[in-house]
Amino acid sequence: MPLRVGLDLVEVSTVVESLRGPHRDRYLGRVYTEREVEACRGTAGEIEPHRLAARFAAKEATIKALPGAGEEVALTQIEVIEDGSGGVALALSGRAAELLAESGAREVAVSLTHEGTYAAATVVVS
Amino acid sequence: MKDRVRQVIKDHAGLAADVNSLPDDADLYRAGMTSHASVNVMVALEDTFEVEFPDSMLKRSVFESVDSISTALEQIGVAA
């Protein structure tokens, strides 16, 4: 499979609105895994929206990089996990994992960033 | 149902245009709905209509217009 790259940019304010809105609980449950939500909590226990926004960007970047991932794949099947060395990695499950296997790709890598009002992520599938 | 769908879109799609000025088959993504906004629309629809879209309906085309959203809701049991 040829190298494929996905990139996504998210306005952090949109995530703030989702967290403050009337559909907060469903938003969190349908988009992020419990592990992702916990990883985004600050020292006082509150969810830090810029970190959540970066994870949303990672999911969208994965959809752009992995053929077929934009269809019938729940966002929770594309999970950003901590890799134990201070960085992050992607853990795909369900249909997302099937698509990765079907693509013949051997590796998938992710990088997150956030500054000010934006968060972004890049995903490479090779 | 379409009136309630339009209200959800108005509240959550982040469109610059007035949703009530758009035809039922207008492409909401072309009208400015981002991927994150489409997720907000999805969860708002689920809470509003007390349903959950199955994975098979998690497609860009399902949330593309008032018509496509309404059709999907009917398919999962929401009365027209």
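Helices (H or I, at least four residues) and strands (E, at least two) are taken as DSSP runs, numbered from the N terminus. On this basis chain A has five helices and five strands. Along the sequence, these elements of chain A follow the pattern β-α-α-α-α-β-β-α-β-β. The model is predicted: local features need pLDDT of at least 70, side-chain atom pairs count only at pLDDT 80 or more, and totals for chains, interfaces and linings use all residues. Residues are numbered from 1 along each chain as its sequence is written, chains are lettered from A and ligands numbered from 1 in the order in which they are written, and side-chain values use heavy atoms, with hydrogens and water left out.

The C-alpha trace of chain A spans about 45 × 30 × 25 Å along its principal axes. The radius of gyration is taken over C-alpha atoms, and the globule rule is 2.2 Å times the number of residues to the power 0.38. For 126 residues a compact globule would have a radius of gyration near 14 Å, and the 14 Å of chain A agrees. Buried means under 20% relative accessible area, exposed over 50%, and partly exposed in between (1.4 Å probe, protein chains only). Buried residues make up 44% of the 126 residues in chain A. Contact means heavy atoms within 4.5 Å. Of the contacts in chain A with a separation of 6 or more, 58% come from residues 24 or more positions apart.

Chain B has three helices and zero strands. From the N terminus on, its elements run α-α-α. The radius of gyration of chain B is 11 Å, close to the 12 Å that the globule rule gives for 80 residues, so chain B is as compact as a globular protein of that length. Its C-alpha atoms fill a box of roughly 30 × 25 × 20 Å, taken along the principal axes. Buried residues make up 49% of the 80 residues in chain B. In helix α3 of chain B (residues 66-75), the buried residues include B:Val66, B:Ile69 and B:Leu73. The cover over the buried residues of α3(B) includes α1 (2-12) and α2 of chain B. Just after α3(B), B:Gly77 takes a positive phi of about 100°.

The interface between the chains was examined next. In it, 18 residues of chain A are in contact with 18 residues of chain B. Buried area is the accessible area (1.4 Å probe) that two parts lose on being put together, summed over both. Between chain A and chain B it is about 1,500 Å², of which carbon and sulfur atoms give 51%. A:His23, A:Arg26 and A:Arg30 supply 43% of the area that chain A buries against chain B, more than any other three residues. A polar contact is a pair of N or O atoms within 3.5 Å; within protein, one must be able to donate a hydrogen and the other to accept it, and residues adjacent in sequence count only if both atoms are side-chain atoms. Between the chains, 12 residue pairs are in polar contact (both at pLDDT 80 or more). The elements giving two or more residues to the side of chain A that touches chain B are α1 (12-20), α2 (24-31) and α4 (49-65) of chain A. Of that side, α2(A) gives the most, with four residues.

A salt bridge is a side-chain nitrogen of Lys or Arg within 4 Å of a carboxyl oxygen of Asp or Glu. The structure holds 15 salt bridges over all chains, and the count between chain A and chain B is five. A:Arg26, A:Arg30, B:Glu46, B:Asp47 and B:Glu52 are linked in a network of salt bridges. Within it, the side chains of B:Glu46 and A:Arg26 meet at 3.1 Å, N to O.

A:Arg30 lies in helix α2 of chain A. At 13% relative accessibility, A:Arg30 counts as buried. Its side chain makes a polar contact with the side chain of B:Glu46 (2.5 Å). The side chain of A:Arg30 also reaches the backbone oxygen of B:Phe53 at 3.0 Å. A:Tyr27, A:Leu28 and A:Val31 are among the other buried residues of α2(A).

Within chain A, the side chains of A:Glu36 and A:Lys59 meet in a salt bridge (2.8 Å, N to O). This pair links distant parts of the chain, from helix α3 to helix α4, 23 residues apart. A:Glu36 counts as buried at 0% relative accessibility, and A:Lys59 is likewise buried at 0%.
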